[in-house]
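Colleague: Could you take a close look at the aromatic side chains and the nonpolar packing, and describe how these parts are arranged?

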Amino acid sequence: RQDWPELVGILNKVINDMSDKEKRLIKNTWMTPMEVKYGIDLKRILMWAVPIGAFSVLIILFVVNWNRRLSNEISKRQKVEDELRTSQQTLKIALEASNTGVWMFKPKSSESSQNYTEYISEQWFKQVGHEPDEFEADQDPCAILLHPDDKAATFKALEDHVKGESKTYEKEFRLKSKDGTWKWILSKGQITKRDRDGRAVKMTGVQLDITERKKMEEETNRLLAETQQRNTELSIINRVGQELTEALDLQDIIELAGKTLGEALEAHSLYIALYNRQTDEIRFPYYKSGNRLIEQPTMKLGKGLTSLILNSAQPLVCGTLRQQKEEGAVIVTADCETYVGVPILAEKETIGVLSVQHPEPNRYTQDDVRLVSTIAANLGIALDNARLFSETQAAKEAAEDATKAKSEFLANMSHEIRT
């Protein structure tokens, strides 16, 4: 630089003006050789290393412990998930094996006019032969398939449970399957969630196909009813048979059979007709309509239901007045729709007709017809026995009269000989 000579001059002047003491101080301060020390300061190192090491150990222990706990939690969670998966699989197998459907829905509220279906299992649809995609998301399959006659009672039971009037919901009803048949269903459920105001917001339940059980119950009830009917028939038949066997008076036998059968079948009208082949006439020794015994005139064999039965020797059943007229009825009781008439046989010969009638159409069953036929058979035997008894009594009286006449004749002859 061009100004350096001037600077050098200025510096030299300053140095010359300085005292020796000031010069030594500057020399000692700025020009003394630097002393470099070599080695390790263990004290300083330890002062920092110990806390750092301890902290590092704590961190390592924390990490190790955390990892261990995390590993345990993972193991536990894995175990729970495995158990849950196993339980779900077991439940699925059990539901399929037992043909059990599962459903879940939100009961209707002030905001919704109908139940909202949240979930229906595949097995539920299998029970009725349908597929899930056959219904819209906002549709209730159960309500759609429910039998019309079961809707009122089913919805009432459901509403009672939602209102808290029953602990559980349980109802049997019919659902229409895809093939058009009706499946009997047992549905059970319970409210599983309510809001803060206590209103039901979720209901869960299961349903079982009990169609086979219902069929068995119906068959059992049918057999039970049939057994009871048979027992009733046997009781009536045994009582009538015993009483008819003991009775030998013709009119007593007829009245006994008419009264017993009328009470057993709750008949409105009942008559017993007897046929005389020699005169070709039909008389009615017993004819009851309502609570009155009516005297019917004798009629010739020809037209009418009684003559039809006498000629065919076969039972006749008419469920309506129209059928009676179609069969050739001449005298029809206007207030009796059902007519049952069976032949009374004695030694394979038709000797009369036993008939019961009722105002209700198709009132009597085949079991009732069988009962009438059995009593008619017993009545035929009793009438034949009464006839034989009457003939025997007549023969006995004739023999006694003959014996008496003979005795009187011999007595008169003896008296004449003596005289």
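**Aromatic pairs and the nonpolar core**

Modeller: In this predicted model, eight aromatic pairs are present (ring centres of Phe, Tyr or the six-membered ring of Trp within 6.5 Å; planes under 30 degrees apart are stacked, over 60 edge-to-face, the rest tilted). One of them joins W103 and Y169 edge-to-face, with 6.4 Å from centre to centre and 75 degrees between the planes. This pair links distant parts of the chain, as W103 belongs to strand β1 (residues 100-106) and Y169 to strand β3 (residues 169-176), 66 residues apart. Helices (H or I, at least four residues) and strands (E, at least two) are DSSP runs numbered from the N terminus. W103 and Y169 are both buried (under 20% relative accessible area, with exposed meaning over 50% and partly exposed in between; 1.4 Å probe, protein chains only).

The rings of Y271 and F284 are also edge-to-face, because their centres lie 5.6 Å apart and their planes meet at 75 degrees. Since Y271 is in strand β6 (residues 269-276) and F284 in strand β7 (residues 281-289), this pair ties together parts 13 residues apart in sequence. Y271 and F284 are both buried.

Residues are numbered from 1 along each chain as its sequence is written. Local features need pLDDT of at least 70 and side-chain atom pairs count only at pLDDT 80 or more, whereas totals for chains, interfaces and linings use all residues; side-chain values use heavy atoms, leaving out hydrogens and water.

Ring pairs also join W103, F105 and Y169 into a cluster. Elsewhere, K214 lies over the face of W184, at 4.5 Å from the ring centre (NZ of Lys or CZ of Arg within 6 Å of the centre and within 35 degrees of the ring normal).

As for the nonpolar packing, the largest core contains 26 residues, and L261, I272, I344, L354, V356 and L383 have the most contacts inside it. Such a core is a set of buried Ala, Val, Leu, Ile, Met, Phe, Trp, Tyr and Cys residues joined through side-chain atoms within 4.5 Å. Two or more residues each come from α8 (250-265), β6, β11 (338-346), β12 (349-358) and α11 (366-418). The greatest contribution is that of α11, with eight residues.
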